[in-house]
Amino acid sequence: MELTDILEKLLIKNSLVTAFAVVGIVTFASYSLSKYLTKGRLNGSSIAILFGLLMAYVGGRLTGGSKGVSDIPVFAGIGLLGGSMMRDFTIVATAFGADFNELRRSGLAGFVSLVLGVLFSFTIGAIFARFGGYTSAEDITTIGAGAVTFVVGPITGAALGVDSSVIALSIGIGVVKSIAVMVITPLVSKVIRIDTPREAIIFGGLLGTTSGTSAAMAAIDPALVPYAAMTSTFYTGLGCLVCPSVLYFAVAAIV
Amino acid sequence: MVIYGVLLLSLCYFAGLFVGEAMGRLVGLNANVGGVGFAMLFLLLLCSYSETVKKSIRNERFSDGLRFWQNMYIPVVIAMSASQDVVKAVRSGWLAILCGITLTVLSLCLIPFVSRISSSKNKAEEGGRD
């Protein structure tokens with residue numbers, strides 16, 4: 001009993017170092033599984049991300065919190081290591097070594113995919129909202145905004161003053177999208193071909209959700225991360241800009 | 001020195017977030033509009049055009065610190081996936097799950113189309129890749 005107490009105290013006190021160790025072990029186990037069990041067919045990073053999601057589910061069930069495994073005190077450091085600060089900092093670091101000319105050449109494709117991506121996600125979300133029985137323009141706009149990303153949903157909902165249950169649904173859709181992007185994209189990346197910087201730029205612009213696209217690109221090809229991140233990091237900003245304004249007016253005009 | 005590369009990275013990071021935040025205020029939003037994208041752009045521009053930075057990279061003064069955090073990207077993403085609200089996603093009901101998955105699949109299907117449209121526009125410039 002004494003020994004586990006000591007260990008627990010140490011792990012909690014040094015939470016970030018604990019996170020390094022845990023992620024290291026998960027990575028090692030995942031890459032070994034990838035090599036020996038799937039013979040490299042399923043990428044090691046994909047397995048590690050799936051494993052992370054599973055841990056997040058178990059953590060959420062055990063604690064009832066919203067931050068996955070990091071709600072368990074011993075694993076609190078994982079929340080810091082995987083929080084938006086470190087995510088954004090490492091994403092910026094991936095720009096080191098990227099080709100600026102490639103980006104300039106695909107600038108138009110990036111812009112087109114960004115606008116199309118926000119409009120498309122919003123429209124699909126709005127259609128589902130309508131089928132789900134929501135009739136007011138405010139509710140439909142908020143749910144459509146949640147389909148853009150789980151950040152845009154609540155911002156739009158707050159601006160339009162909708163009920164908190166609708167905001168919760170919009171966040172739910174955004175979270176499902178983000179996880180679906182993490183899981184589905186690496187599986188289909190060979191079929192739809194995301195293997196050039198241009199396609200990565202378009203992928204980032206169409207899907208947007210930063211956590212989803214960053215995890216998906218890590219599993220597909222780490223060298224393409226900066227290109228996808230370049231457009232996806234503008235996606236949420238664009239969504240916050242157009243959802244509570246232009247798109248809300250458009251929905252109000254149709255409903 | 002590892003810290004010089006990390007310093008360059010953090011300066012770009014803050015410069016980018018500052019621009020993003022200022023843009024957000026400018027359009028009347030309490031949100032950061034593309035701050036990380038601007039930060040990446042600053043780092044990319046410095047590494048491509050600034051002679052001082054280029055020289056320091058060649059002398060290995062910056063590259064260690066930059067490369068370390070670049071390689072930490074995948075571990076950070078794994079930690080990020082472990083701190084997602086998966087329970088909420090599973091519990092948010094058929095509407096959310098169906099919508100999220102349909103949306104993802106349809107958007108992924110759009111990639112080849114957008115790629116084709118935009119590459120036919122740029123073909124002259126690119127010398128017809130494909």
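In this predicted model, H7(A) contributes the most to the lining of the second largest pocket, with 5 residues. A pocket here is an open set of points on a 1 Å grid over the protein atoms alone where a 1.4 Å probe fits, with protein on both sides within 12 Å along at least five of seven lines, and lining residues have an atom within 4 Å of a point. Helices (H or I, at least four residues) are DSSP runs numbered from the N terminus. Local features need pLDDT of at least 70 and side-chain atom pairs count only at pLDDT 80 or more, whereas totals for chains, interfaces and linings use all residues. Residues are numbered from 1 along each chain as its sequence is written, chains are lettered from A in the order in which they are written, and side-chain values use heavy atoms, with hydrogens and water left out.

**Second largest pocket**
- The second largest pocket holds about 350 Å³ of space, a volume being the space filled by probe spheres set on the grid points, which are joined across faces, edges and corners.
- It is lined by 15 residues, and Gly107(A), Gly110(A), Phe111(A), Thr231(A) and Phe234(A) are the closest to its centre.
- Two or more lining residues come from each of helix H6 (100–105), helix H7 (107–131) and H13 of chain A.
- By class, this lining has 10 nonpolar, 4 polar and 1 charged residues, where Ala, Val, Leu, Ile, Met, Phe, Trp, Tyr, Cys and Pro count as nonpolar, Asp, Glu, Lys and Arg as charged, and the others, Gly among them, as polar.

**Largest pocket**
- About 840 Å³ of space lies in the largest pocket, and among the elements that give two or more residues to its lining are helix H10 (164–192) of chain A and helix H1 (2–26) of chain B.
- Of its 35 lining residues, Ser84(A), Arg87(A), Phe150(A), Val151(A) and Ser211(A) lie nearest the centre.
- The lining of the largest pocket divides into 11 nonpolar, 19 polar and 5 charged residues, and H13(A) gives the most to it, with 5 residues.

**Interface of chain B and chain A**
- The contact (heavy atoms within 4.5 Å) takes 75 residues from chain B and 94 residues from chain A.
- The two chains bury about 7,400 Å² between them, 80% of it on carbon and sulfur atoms; buried area is the accessible area (1.4 Å probe) that two parts lose on being put together, summed over both.
- Across this interface the rule finds 0 salt bridges, each defined as a side-chain nitrogen of Lys or Arg within 4 Å of a carboxyl oxygen of Asp or Glu.
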